[in-house]
Amino acid sequence: MCQCCSEKKDIYLPQLATVAATESMNVTEKYLRLTMDDGQFNYTPGQFVEVSIAGIGEAPLTISSSPTQKDGFEIVVRKIGNVTNAIHTLNQGDKIGIRGPLGDGQYPSEEAKGRNVVFICGGIGLVPQRSFINYVLDNRDDYGEVTILQGTKCYEQRLFADEIAAWEKRGDVQVLETLDEPNEKWSGKVGVVTKLIPMVKSELKSAIVLVCGPPVMYKFVLMSLEEHEVPHKNIFLNLERKMKCGVGKCGHCQINDSYTCMDGPVFRYSDLATMPEAI
Ligand SMILES: Cc1cc2nc3c(=O)[nH]c(=O)nc-3n(C[C@H](O)[C@H](O)[C@H](O)COP(=O)(O)OP(=O)(O)OC[C@H]3O[C@@H](n4cnc5c(N)ncnc54)[C@H](O)[C@@H]3O)c2cc1C
Ligand code: FES
(Lines give C-alpha, C1' and ligand atoms only; values in the text may rest on other atoms or scores of the structure.)
(Ligands and ions follow the chains in the order given, each with its own letter.)
Protein backbone atom coordinates (compact mmCIF):
# COMPACT_ATOMS: atom_id res chain seq x y z
CA MET A 1 0.00 0.00 0.00
CA CYS A 2 1.08 3.54 -0.61
CA GLN A 3 2.01 5.12 2.76
CA CYS A 4 0.25 8.44 2.21
CA CYS A 5 -3.07 7.11 0.87
CA SER A 6 -4.93 3.82 0.62
CA GLU A 7 -4.09 3.20 -3.05
CA LYS A 8 -2.32 -0.08 -3.79
CA LYS A 9 1.02 0.59 -5.53
CA ASP A 10 1.60 -1.30 -8.81
CA ILE A 11 5.06 -2.84 -8.40
CA TYR A 12 5.42 -3.15 -12.18
CA LEU A 13 4.55 0.47 -12.97
CA PRO A 14 7.61 2.62 -13.71
CA GLN A 15 7.77 6.18 -12.42
CA LEU A 16 9.00 8.94 -14.70
CA ALA A 17 12.49 10.34 -14.28
CA THR A 18 14.42 12.97 -16.21
CA VAL A 19 18.00 12.69 -17.43
CA ALA A 20 19.68 15.58 -15.60
CA ALA A 21 23.18 14.95 -16.97
CA THR A 22 25.01 12.44 -19.13
CA GLU A 23 28.61 11.77 -20.04
CA SER A 24 30.25 9.21 -22.24
CA MET A 25 32.93 7.54 -20.08
CA ASN A 26 34.51 5.45 -22.85
CA VAL A 27 33.35 3.48 -25.91
CA THR A 28 31.05 1.18 -23.93
CA GLU A 29 30.13 2.99 -20.70
CA LYS A 30 27.84 5.96 -20.25
CA TYR A 31 27.17 7.89 -17.04
CA LEU A 32 23.70 9.32 -16.33
CA ARG A 33 22.39 11.42 -13.45
CA LEU A 34 18.62 11.04 -13.06
CA THR A 35 16.01 12.91 -11.07
CA MET A 36 12.57 11.51 -10.28
CA ASP A 37 9.79 13.70 -11.63
CA ASP A 38 7.81 13.37 -8.38
CA GLY A 39 10.96 14.20 -6.41
CA GLN A 40 10.75 11.08 -4.24
CA PHE A 41 13.62 8.62 -4.17
CA ASN A 42 15.27 7.21 -1.06
CA TYR A 43 17.81 4.44 -1.42
CA THR A 44 20.70 2.78 0.35
CA PRO A 45 24.09 1.70 -1.07
CA GLY A 46 23.84 -1.61 -2.95
CA GLN A 47 20.33 -1.13 -4.33
CA PHE A 48 19.43 -1.15 -8.01
CA VAL A 49 16.66 0.15 -10.25
CA GLU A 50 14.79 -1.31 -13.23
CA VAL A 51 15.26 1.26 -15.99
CA SER A 52 12.74 1.20 -18.82
CA ILE A 53 12.67 2.71 -22.27
CA ALA A 54 9.18 2.87 -23.79
CA GLY A 55 8.71 0.36 -26.60
CA ILE A 56 12.04 -1.35 -25.97
CA GLY A 57 12.20 -2.87 -22.51
CA GLU A 58 13.67 -2.81 -19.04
CA ALA A 59 17.12 -3.47 -17.57
CA PRO A 60 18.31 -3.75 -13.95
CA LEU A 61 21.06 -1.19 -13.23
CA THR A 62 22.85 -0.47 -10.00
CA ILE A 63 22.70 2.92 -8.34
CA SER A 64 26.27 4.20 -8.41
CA SER A 65 25.86 7.37 -6.36
CA SER A 66 25.77 7.58 -2.58
CA PRO A 67 22.49 8.54 -0.87
CA THR A 68 24.50 11.30 0.81
CA GLN A 69 24.38 13.01 -2.61
CA LYS A 70 21.05 14.79 -2.69
CA ASP A 71 20.87 15.87 -6.33
CA GLY A 72 19.19 12.85 -7.96
CA PHE A 73 20.99 9.54 -8.39
CA GLU A 74 23.55 8.14 -10.82
CA ILE A 75 23.86 5.06 -13.00
CA VAL A 76 26.59 3.83 -15.35
CA VAL A 77 25.46 1.76 -18.30
CA ARG A 78 27.51 -0.65 -20.39
CA LYS A 79 26.25 -0.94 -23.96
CA ILE A 80 25.45 -4.60 -24.48
CA GLY A 81 22.01 -4.99 -26.09
CA ASN A 82 18.61 -3.46 -26.83
CA VAL A 83 17.85 -1.53 -23.65
CA THR A 84 21.39 -0.47 -22.85
CA ASN A 85 21.96 0.70 -26.46
CA ALA A 86 18.78 2.80 -26.19
CA ILE A 87 19.94 4.29 -22.88
CA HIS A 88 23.18 5.32 -24.60
CA THR A 89 21.18 7.48 -27.02
CA LEU A 90 19.56 9.51 -24.23
CA ASN A 91 20.42 13.16 -23.72
CA GLN A 92 19.88 15.71 -20.99
CA GLY A 93 16.14 16.41 -20.55
CA ASP A 94 14.98 13.05 -21.93
CA LYS A 95 12.48 10.97 -19.95
CA ILE A 96 13.05 7.45 -18.67
CA GLY A 97 11.04 4.96 -16.57
CA ILE A 98 12.27 3.84 -13.16
CA ARG A 99 11.09 1.05 -10.84
CA GLY A 100 12.77 0.93 -7.49
CA PRO A 101 14.94 1.24 -5.56
CA LEU A 102 15.07 -2.57 -5.45
CA GLY A 103 17.09 -5.18 -3.54
CA ASP A 104 16.98 -5.85 0.20
CA GLY A 105 20.52 -7.24 0.31
CA GLN A 106 22.52 -4.07 0.63
CA TYR A 107 25.94 -2.99 1.82
CA PRO A 108 26.41 -3.42 5.61
CA SER A 109 26.66 0.29 6.41
CA GLU A 110 25.77 -0.18 10.11
CA GLU A 111 27.76 -3.37 10.72
CA ALA A 112 30.87 -1.81 9.17
CA LYS A 113 30.82 1.15 11.56
CA GLY A 114 34.04 1.36 13.60
CA ARG A 115 35.65 -1.38 11.48
CA ASN A 116 38.26 -1.31 8.74
CA VAL A 117 36.57 -1.45 5.34
CA VAL A 118 38.22 -2.89 2.23
CA PHE A 119 36.69 -2.53 -1.24
CA ILE A 120 37.88 -4.94 -3.94
CA CYS A 121 36.62 -3.88 -7.35
CA GLY A 122 37.14 -5.38 -10.79
CA GLY A 123 36.29 -3.34 -13.88
CA ILE A 124 32.68 -2.14 -13.91
CA GLY A 125 32.38 -3.62 -10.39
CA LEU A 126 33.49 -0.16 -9.25
CA VAL A 127 30.04 1.16 -10.24
CA PRO A 128 28.04 -0.45 -7.37
CA GLN A 129 30.96 -0.20 -4.93
CA ARG A 130 31.24 3.55 -5.60
CA SER A 131 27.87 4.08 -3.90
CA PHE A 132 29.14 2.64 -0.62
CA ILE A 133 32.67 4.06 -1.05
CA ASN A 134 31.29 7.61 -1.22
CA TYR A 135 28.83 6.87 1.59
CA VAL A 136 31.71 5.76 3.84
CA LEU A 137 33.86 8.74 2.81
CA ASP A 138 30.98 11.15 3.47
CA ASN A 139 30.65 9.59 6.96
CA ARG A 140 34.39 9.09 7.36
CA ASP A 141 34.52 9.34 11.18
CA ASP A 142 32.13 6.41 11.55
CA TYR A 143 34.52 3.92 9.92
CA GLY A 144 38.04 2.59 10.60
CA GLU A 145 40.77 2.43 7.98
CA VAL A 146 39.44 2.45 4.42
CA THR A 147 41.11 0.71 1.49
CA ILE A 148 40.04 0.73 -2.15
CA LEU A 149 41.53 -1.80 -4.59
CA GLN A 150 40.65 -1.37 -8.25
CA GLY A 151 41.69 -3.62 -11.11
CA THR A 152 40.86 -2.75 -14.72
CA LYS A 153 41.65 -4.55 -17.96
CA CYS A 154 43.20 -1.64 -19.83
CA TYR A 155 43.74 2.13 -19.63
CA GLU A 156 40.79 2.98 -21.91
CA GLN A 157 38.35 1.07 -19.69
CA ARG A 158 39.25 2.92 -16.44
CA LEU A 159 36.11 4.40 -14.86
CA PHE A 160 35.92 7.46 -12.59
CA ALA A 161 39.67 8.08 -12.92
CA ASP A 162 39.31 11.67 -11.59
CA GLU A 163 37.31 10.48 -8.62
CA ILE A 164 39.86 7.75 -7.83
CA ALA A 165 42.58 10.44 -7.94
CA ALA A 166 40.51 12.60 -5.55
CA TRP A 167 40.10 9.66 -3.12
CA GLU A 168 43.87 9.15 -3.25
CA LYS A 169 44.51 12.83 -2.47
CA ARG A 170 42.36 12.77 0.70
CA GLY A 171 45.14 11.08 2.67
CA ASP A 172 42.70 9.10 4.86
CA VAL A 173 42.13 6.26 2.35
CA GLN A 174 44.56 3.73 0.89
CA VAL A 175 43.87 3.54 -2.85
CA LEU A 176 45.63 0.96 -5.02
CA GLU A 177 44.96 0.58 -8.71
CA THR A 178 46.27 -1.87 -11.26
CA LEU A 179 45.84 -2.57 -14.98
CA ASP A 180 45.97 -6.03 -16.58
CA GLU A 181 47.29 -4.65 -19.87
CA PRO A 182 49.05 -1.28 -19.41
CA ASN A 183 49.92 1.17 -22.19
CA GLU A 184 52.44 4.00 -22.44
CA LYS A 185 50.10 6.37 -20.51
CA TRP A 186 50.13 4.11 -17.42
CA SER A 187 52.97 4.24 -14.90
CA GLY A 188 51.12 2.48 -12.08
CA LYS A 189 50.83 -1.13 -10.98
CA VAL A 190 50.39 -3.95 -13.47
CA GLY A 191 48.55 -7.24 -12.97
CA VAL A 192 45.22 -8.53 -11.74
CA VAL A 193 43.44 -7.06 -8.72
CA THR A 194 44.36 -9.96 -6.41
CA LYS A 195 47.99 -8.78 -6.63
CA LEU A 196 46.96 -5.76 -4.56
CA ILE A 197 45.52 -7.71 -1.61
CA PRO A 198 48.89 -8.35 0.13
CA MET A 199 49.59 -4.58 -0.13
CA VAL A 200 46.64 -3.63 2.08
CA LYS A 201 48.06 -1.75 5.09
CA SER A 202 45.13 -2.24 7.47
CA GLU A 203 44.40 -5.54 9.24
CA LEU A 204 42.39 -7.67 6.83
CA LYS A 205 41.38 -10.38 9.30
CA SER A 206 39.04 -8.07 11.20
CA ALA A 207 37.92 -5.93 8.23
CA ILE A 208 34.62 -5.86 6.39
CA VAL A 209 35.54 -6.77 2.81
CA LEU A 210 33.28 -5.86 -0.12
CA VAL A 211 33.84 -7.54 -3.46
CA CYS A 212 32.34 -6.73 -6.86
CA GLY A 213 33.64 -7.59 -10.31
CA PRO A 214 33.38 -10.09 -13.14
CA PRO A 215 32.46 -13.68 -12.09
CA VAL A 216 35.98 -15.01 -12.76
CA MET A 217 37.44 -12.58 -10.21
CA TYR A 218 35.46 -13.93 -7.25
CA LYS A 219 37.19 -17.31 -7.11
CA PHE A 220 40.67 -15.81 -6.95
CA VAL A 221 39.76 -12.97 -4.57
CA LEU A 222 38.09 -15.46 -2.21
CA MET A 223 41.16 -17.74 -2.32
CA SER A 224 43.38 -14.80 -1.38
CA LEU A 225 41.04 -13.66 1.42
CA GLU A 226 41.10 -17.24 2.74
CA GLU A 227 44.92 -17.06 2.88
CA HIS A 228 44.57 -13.82 4.85
CA GLU A 229 42.16 -15.57 7.24
CA VAL A 230 39.25 -13.23 6.60
CA PRO A 231 36.14 -14.86 8.14
CA HIS A 232 33.40 -15.59 5.59
CA LYS A 233 30.89 -13.58 7.62
CA ASN A 234 33.01 -10.45 7.05
CA ILE A 235 32.98 -10.79 3.25
CA PHE A 236 30.17 -9.33 1.12
CA LEU A 237 29.78 -10.19 -2.57
CA ASN A 238 27.73 -8.33 -5.12
CA LEU A 239 26.11 -10.96 -7.38
CA GLU A 240 24.59 -10.43 -10.79
CA ARG A 241 21.94 -12.69 -12.25
CA LYS A 242 19.65 -12.25 -15.22
CA MET A 243 16.51 -10.57 -13.93
CA LYS A 244 13.05 -9.84 -15.22
CA CYS A 245 10.60 -8.63 -12.56
CA GLY A 246 13.17 -7.44 -9.99
CA VAL A 247 10.66 -8.01 -7.19
CA GLY A 248 10.77 -11.73 -6.37
CA LYS A 249 7.88 -12.86 -8.59
CA CYS A 250 9.24 -14.42 -11.80
CA GLY A 251 12.05 -16.66 -10.48
CA HIS A 252 14.53 -15.65 -13.21
CA CYS A 253 17.23 -14.71 -10.67
CA GLN A 254 16.67 -17.64 -8.30
CA ILE A 255 19.63 -19.43 -6.70
CA ASN A 256 18.28 -22.31 -4.57
CA ASP A 257 15.76 -20.67 -2.23
CA SER A 258 17.13 -17.17 -2.72
CA TYR A 259 16.17 -14.49 -5.18
CA THR A 260 19.07 -12.27 -6.20
CA CYS A 261 16.68 -9.37 -6.74
CA MET A 262 15.14 -9.58 -3.25
CA ASP A 263 17.78 -11.22 -1.03
CA GLY A 264 20.67 -9.52 -2.88
CA PRO A 265 22.27 -8.26 -4.95
CA VAL A 266 24.76 -7.95 -2.03
CA PHE A 267 25.20 -11.26 -0.17
CA ARG A 268 27.23 -12.18 2.90
CA TYR A 269 29.66 -14.91 1.82
CA SER A 270 28.82 -17.14 4.81
CA ASP A 271 25.14 -17.06 3.72
CA LEU A 272 26.19 -18.50 0.34
CA ALA A 273 27.70 -21.63 1.95
CA THR A 274 24.66 -23.69 0.95
CA MET A 275 24.69 -22.25 -2.59
CA PRO A 276 28.05 -23.19 -4.16
CA GLU A 277 26.59 -22.49 -7.63
CA ALA A 278 26.07 -18.82 -6.68
CA ILE A 279 29.73 -17.95 -7.30
C1 LIG B 1 21.31 -6.32 -10.07
C2 LIG B 1 21.95 -5.96 -11.39
C3 LIG B 1 22.65 -4.78 -11.48
C4 LIG B 1 23.26 -4.41 -12.70
N5 LIG B 1 23.92 -3.23 -12.75
C6 LIG B 1 24.46 -2.83 -13.92
C7 LIG B 1 25.10 -1.56 -14.02
O8 LIG B 1 25.19 -0.79 -13.04
N9 LIG B 1 25.59 -1.20 -15.23
C10 LIG B 1 25.49 -2.03 -16.32
O11 LIG B 1 25.96 -1.62 -17.41
N12 LIG B 1 24.91 -3.23 -16.26
C13 LIG B 1 24.38 -3.65 -15.09
N14 LIG B 1 23.75 -4.87 -15.03
C15 LIG B 1 23.64 -5.69 -16.26
C16 LIG B 1 22.49 -5.15 -17.12
O17 LIG B 1 21.28 -5.32 -16.45
C18 LIG B 1 22.42 -5.89 -18.47
O19 LIG B 1 23.59 -5.60 -19.20
C20 LIG B 1 21.20 -5.43 -19.25
O21 LIG B 1 20.02 -5.92 -18.65
C22 LIG B 1 21.28 -5.89 -20.70
O23 LIG B 1 20.07 -5.49 -21.32
P24 LIG B 1 20.00 -5.21 -22.88
O25 LIG B 1 18.56 -5.17 -23.27
O26 LIG B 1 20.83 -4.02 -23.21
O27 LIG B 1 20.74 -6.46 -23.48
P28 LIG B 1 20.06 -7.79 -24.06
O29 LIG B 1 19.64 -7.49 -25.45
O30 LIG B 1 19.05 -8.30 -23.08
O31 LIG B 1 21.32 -8.75 -23.99
C32 LIG B 1 22.47 -8.56 -24.77
C33 LIG B 1 23.49 -9.62 -24.42
O34 LIG B 1 23.92 -9.49 -23.07
C35 LIG B 1 23.68 -10.69 -22.32
N36 LIG B 1 23.24 -10.28 -20.99
C37 LIG B 1 22.14 -9.58 -20.68
N38 LIG B 1 22.03 -9.40 -19.37
C39 LIG B 1 23.08 -10.00 -18.81
C40 LIG B 1 23.54 -10.18 -17.47
N41 LIG B 1 22.87 -9.70 -16.41
N42 LIG B 1 24.68 -10.87 -17.28
C43 LIG B 1 25.36 -11.37 -18.32
N44 LIG B 1 24.98 -11.22 -19.60
C45 LIG B 1 23.87 -10.57 -19.84
C46 LIG B 1 22.60 -11.39 -23.10
O47 LIG B 1 22.65 -12.79 -22.90
C48 LIG B 1 22.96 -11.04 -24.54
O49 LIG B 1 24.01 -11.84 -24.99
C50 LIG B 1 23.16 -5.27 -13.82
C51 LIG B 1 22.47 -6.48 -13.72
C52 LIG B 1 21.88 -6.83 -12.52
C53 LIG B 1 21.15 -8.12 -12.42
S1 FES C 1 13.96 -11.06 -11.19
FE2 FES C 1 12.03 -11.99 -10.92
S3 FES C 1 12.34 -13.10 -9.11
FE4 FES C 1 14.16 -11.94 -9.27
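The largest nonpolar core here has 28 residues, and the ones with the most contacts inside it are Ile120, Val209, Val211, Leu225 and Leu237. A nonpolar core, for this report, is a set of buried Ala, Val, Leu, Ile, Met, Phe, Trp, Tyr and Cys residues joined through side-chain atoms within 4.5 Å. Buried means under 20% relative accessible area, exposed means over 50%, and partly exposed is in between, using a 1.4 Å probe and protein chains only. β7 (117-122), β11 (208-212), α4 (215-227) and β12 (235-238) each put at least two residues into this core, and α4 gives the largest share, five residues. Those element names come from DSSP runs numbered from the N terminus: helices are H or I with at least four residues, strands are E with at least two.

Before going on, keep in mind that this is a predicted model: local features need pLDDT of at least 70, side-chain atom pairs count only at pLDDT 80 or more, and totals for chains, interfaces and linings use all residues. Residues are numbered from 1 along each chain as its sequence is written, chains are lettered from A and ligands numbered from 1 in the order in which they are written, and side-chain values use heavy atoms, with hydrogens and water left out.

Leu237 touches Val211, Tyr218, Leu222, Pro265, Val266, Phe267, Tyr269, Leu272 and Ile279, leaving out residues up to four places away in sequence; contact means heavy atoms within 4.5 Å. There is also a second, separate core of 27 residues, and Phe119, Trp167, Val173 and Ile208 are among them. In soluble globular proteins, nonpolar side chains tend to be buried together.

Now for the ligand. Ligand 1 is surrounded by 19 residues, of which Pro60, Val76, Arg78, Thr84 and Lys242 are the closest; a residue is near a molecule if one of its heavy atoms lies within 4 Å of it. The shell divides into eleven nonpolar, four polar and four charged residues. β4 (57-62), β5 (73-78) and α1 (82-88) each supply at least two shell residues, with the largest share, four residues, coming from β4.

| Residue | Polar atom | Distance to an oxygen atom of ligand 1 |
|---|---|---|
| Gly81 | backbone | 3.2 Å |
| Val83 | backbone | 2.9 Å |
| Lys242 | side chain | 2.7 Å |

Taken alone, ligand 1 exposes 900 Å², and the protein buries 70% of that. These areas come from the Shrake-Rupley method with a 1.4 Å probe; for residues, only the protein chains shown count as cover.

Gly100 and Pro101 are joined by a cis peptide bond with omega about 10°, and Pro101 sits in strand β6 (residues 95-102). The peptide bond from Gly264 to Pro265 is cis too, with omega near 10°. Pro265 is in the loop between α5 (260-263) and β15 (266-268), and it is one of the residues that Leu237 touches.

Phe160 has a positive phi, near 50°, though it isn't a glycine. You'll find Phe160 in the loop between β8 (146-154) and α3 (161-170), and it counts as buried because its relative accessibility is 11%. Asn256 also has phi near 50°. Asn256 lies in the loop between β13 (254-255) and β14 (258-259) and is partly exposed, at 37% relative accessible area.

Strand β8 holds Gln150 and Lys153. Gln150 is buried, at 4% relative accessibility, whereas Lys153 is partly exposed, at 46%. The Gln150 side chain makes a polar contact with the side chain of Thr152 at 3.1 Å; a polar contact is a pair of N or O atoms within 3.5 Å, and within protein one must be able to donate a hydrogen and the other to accept it, with sequence-adjacent residues counting only if both atoms are side-chain atoms. Beyond four places in sequence, Gln150 is in contact with residues including Cys121, Leu126, Ile164 and Val193. Lys153, by the same rule, touches Leu179, Asp180 and Glu181.

Finally, Ser202 is in the loop between β10 (189-190) and β11 and is buried, at 6% relative accessibility. Ser202 touches Asn116, Val118, Glu145 and Thr147, again leaving out residues up to four places away. Ser202 and Glu145 are 57 residues apart along the chain, with 6.4 Å between their C-alpha atoms.

Notes:
Ala, Val, Leu, Ile, Met, Phe, Trp, Tyr, Cys and Pro count as nonpolar, Asp, Glu, Lys and Arg as charged, and the others, Gly among them, as polar.
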